[in-house]
Amino acid sequence: MTKRLFVKGNEAVAMGALEAGCRYYFGYPITPQSDVPEYIARHLPALGGQFIQAESEIASINMLLGAAACGARAMTSSSSPGISLKQEGISYMAGSECPGLIVNVCRSGPGLGGIDASQADYFQAVKGGGHGGYHIIVLAPDSVQEMYDLAMLAFDLSDRYRIPAMLLADAVIGQMKEGLVAHKYVPPADLAEKTWALTEKCNSGKRKVVKSLRLGDGEMEAHNNNLHARYAEMAQREVRYEGLHLDDAELVLTAFGSCARIAKTALRLAREQGMKVGMLRPVTLFPFPAAPLREHCATARKVLCFELNNGQMVDDVRLALPDKEVAFYGRAPGAGSLPTPEEFLAQIRTHYEA
Amino acid sequence: MNTQMKQVFSRPDSLKDVQTHFCPGCQHGTIHRLVAEAMDHFAIKDKTIGIASVGCSVFLYDYFDIDVIEAPHGRAPAVATGAKRVHPERVVFAYQGDGDLAAIGTSEIIHAANRGEQLTIIFVNNTTYGMTGGQMAPTTLPGQVTSTSPTGRDVASQGYPMKMAELIGSLDGCSYSARVAVDSPKHVIQAAKAMRKAFEVQINGAGFAFLEVLSTCPTNWGMSPLAANKRVGEEMIPYFPLGTYKDNSAV
């Protein structure tokens, strides 16, 4: 399995999910993610799995809930307006502690939105998205390879913490083709059996109930506190990020996903021109790498956050670094073209020299 | 002669020995019993998964001695689809009210039926939203006064009651669709038979089975249990005729 493949990001996320043992997919067509269900429709039946093109995103997410409650690795994928429709079901999955993978190949802007690359849905993804004050795990791939790798990680984290996981990508990450080294999925040794789930065999012992409703005295409060304790535990153990040239950085860049690819080129150009610039790319957007950010920015003068939106992740960067100057540069969703590395470089120079 | 006495009536094994929260005269209890009797009849309680919907029926996880998944409002057929596809050897049923199935969940029920999912759907039609306090439902009868149709349902502006057993029966993917009532001993016996059939269709892998059960809501109808029961025969059955609307199950 060491052959280097040339595939689309949307295909890679599907390949990674299937390799990780996902055997149930429920979805509804929407651009720019339709390659995901198309790939899975071609390959899942041969693996003995089930593919359902549902009547709506709402039905898809609820099929996922049912499959997850029965202990299966299952997924859905969609794009911004479709993800909004799924929020009811995601809230129920969070409330009833059902793991599962949700891929969001984000569109740009409110309403129907455009199909160009955008990071407009950061807030929706990391702040809960639906009702009830919960969070889900959010991973942000910046390459075709990471679409594959993080699909596996998403299932592992989701199963371990019984929290739904989202892969937040966009049209660039989903639609571009680049090299992929597919590798075998190895389940973590410590991944526990899903003893809480409804099993295949007849249940003659203890009855299992998967539900979000908790009406007993203090039950809901305890449940919510328990969920938030798991979020805190994830922040301790599961934060992932990529650090570049952080040791001597006077200016630290932050960016995720497709925007980080542009920022990396700008970072290289800045280094070539002698500027001491580093970069921290969050891979887990929730849990957010606040502690590593604090650690790596301790000696930096300033932080510059790049995003393909009007400023969303920058709020979390500022919360992590209350005493640090944090600047922002971004493009509104729907700009129709991507910022160039030179455009980012000009921003880097301005802030570096200021 | 005590030694010759034998017990001929008891709580079905598939029901827990607990008190329900249902109001006096509500027929959910009767319908729960019919579901439990059908599970006992086929000895399937250990392999059955119940899907609880939103409304008075949500608490079925406290009443049935089975595994249960709670579904969002109207989405029970989609949750049931996911569960059944993962565990095809288990028996999966959803139990939904009229607001849940015939208003907010119309899409999910039609498409689950049309895909011919191997599911049993119990649809309890009492012409009102019980849990939220008696608002107009998709099955509220013309002229019926509810808290959101205070002068009576006006079909010119509020449309007509949905006849779900007929609608679902018209879909090619549906194998069995019927409507029953539980307002008289005769109807209860017919309903028990239809309930067994609705499970038997799934057990035999014969497809999608839909059973509509007309029911009372004395509290929100503002009626005594007896008057409410009488209304089923006098007002509901004429609009929602009892009978089998589809039977392609070849059971």
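What follows is a short chat about the sheets, domains and chain contacts of this structure.

Q: What should I know about the model and the numbering first?
A: This is a predicted model, so to speak of local features takes pLDDT of at least 70, side-chain atom pairs count only at pLDDT 80 or more, and totals for chains, interfaces and linings use all residues. Residues are numbered from 1 along each chain as its sequence is written, while chains are lettered from A and ligands numbered from 1 in the order in which they are written.

Q: Thanks! Which strands make up the sheet that has S9(A) in it, and in what order?
A: That open sheet has 8 strands, ordered S9(A)-S2(B)-S1(B)-S3(B)-S4(B)-S8(B)-S7(B)-S9(B), with mixed pairing. Strands here are DSSP runs of E with at least two residues, helices are runs of H or I with at least four, and both are numbered from the N terminus. Two strands pair if DSSP finds at least two bridges between them.

Q: And which strands stand at the edges?
A: Strand S9 (209–210) of chain A and strand S9 (243–247) of chain B; each has a single partner strand, so one side of each is left without a neighbour in the sheet.

Q: How does S9(A) pair with S2(B)?
A: The two pair in the parallel sense over 2 bridges. A:Val210 stands opposite B:Ile69 in S2(B).

Q: What about S7 and S8 of chain B, how many bridges there?
A: Strand S7 (residues 174–181) and strand S8 (residues 208–214) of chain B are parallel partners over 7 bridges. In this pair, B:Ser177 sits opposite B:Phe210 of S8(B).

Q: Which strands does helix H8 of chain B touch?
A: Helix H8 (residues 185–203) of chain B packs on the sheet and touches strand S3 (91–97), strand S4 (120–125), S7 and S8 of chain B. Its direction makes about 160° with that of S7(B). Such axes are lines fitted to C-alpha atoms, for helices over the stretch in contact, and angles run from 0 to 180 degrees between N-to-C directions. Contact between residues means that their C-beta atoms, placed from the backbone, lie within 7 Å.

Q: I have my eye on B:Glu200. Why does it count as partly exposed?
A: B:Glu200 is in helix H8 of chain B. B:Glu200 counts as partly exposed because it has 18 C-beta neighbours inside 10 Å. The cut-offs are 20 or more other C-beta atoms within 10 Å for buried, 12 or fewer for exposed, and partly exposed in between, with C-beta atoms placed from the backbone.

Q: Over to chain A. Is strand S12 buried or exposed?
A: Strand S12 (residues 277–282) of chain A is mostly covered, with 6 of its 6 residues buried. A:Val277, A:Met279 and A:Arg281 are on one side, A:Gly278, A:Leu280 and A:Pro282 on the other. In a regular strand the side chains alternate between the two faces of the sheet.

Q: Which strands are joined to S12(A) by bridges?
A: Strand S10 (residues 241–244) of chain A is joined to S12(A) by 4 bridges and runs antiparallel, with A:Gly243 opposite A:Leu280. Strand S11 (residues 251–254) of chain A is also joined to S12(A) by 4 bridges, but in parallel, and there A:Leu253 has A:Met279 as its bridge partner.

Q: Last one: what domains does chain A have?
A: The domain assignment, which is automatic or from a database, gives domain 1 (4–181) and domain 2 (242–353). Their centres, taken over C-alpha atoms, are 26 Å apart. The contact takes 25 residues from domain 1 and 22 residues from domain 2 of chain A.

Key
Two residues are in contact if their C-beta atoms, placed from the backbone, lie within 7 Å.
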